[in-house]
Amino acid sequence: MPRATKGVLIQADASIKAILVKIDSEQHNAFIIEDLDDETLVVKEGKLAELQQRLKDKLKDTIKEAEDSGSD
């Protein structure tokens with residue numbers, strides 16, 4: 001019998017969505033319920049805050065790497 005899962009619709013730029021999909025795959029599909037199109041995902045409602053934090057951390061790391069490589 002089908003089970004319903006509460007989800008939140010997320011719309012993001014394609015580059016941010018790619019990062020979200022990568023985070024989800026690294027965590028064995030713990031966050032994303034459905035990948036709808038190039039800019040839209042449905043994410044598990046209870047995991048939204050954790051996914052947001054992981055995205056912030058990933059973006060901070062990306063910015064630090066860009067600053068380090070730009071100072072050559």
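This is a predicted model: local features need pLDDT of at least 70, side-chain atom pairs count only at pLDDT 80 or more; totals for chains, interfaces and linings use all residues.
As general background, nonpolar side chains in soluble globular proteins tend to be buried together.

Next, keep F31 selected and display what surrounds it: leaving aside neighbours within four places in sequence, F31 is in contact with I23, D24, V42, V43, K44, K47, E50, L51 and R54.

Now move to helix 1, which covers residues 14-26 and reaches 18 Å from its first C-alpha to its last, close to the 18 Å expected for its 13 residues at 1.5 Å a residue. Which residues of helix 1 are buried? They are K17, L20, I23 and D24, and because these four cover an arc of only 120° around the axis, they lie on the same side of helix 1.

Finally, go to E39, which lies in the loop between strand 2 (32-37) and strand 3. Is E39 buried or partly exposed? With a relative accessibility of 44%, E39 counts as partly exposed. Not counting residues up to four places away in sequence, E39 touches I10, Q11, A12, A14 and K17. If you then draw a distance from E39 back to H28, you will find their C-alpha atoms separated by 21 Å, with the two residues 11 apart along the chain.

Terms used: Residues are numbered from 1 along each chain as its sequence is written. Side-chain values use heavy atoms; hydrogens and water are left out. Helices (H or I, at least four residues) and strands (E, at least two) are DSSP runs, numbered from the N terminus. The expected span of a helix is 1.5 Å times one less than its number of residues. Buried means under 20% relative accessible area, exposed over 50%, partly exposed in between (1.4 Å probe, protein chains only). The arc is that of the directions from the helix axis to the C-beta atoms. Contact means heavy atoms within 4.5 Å.
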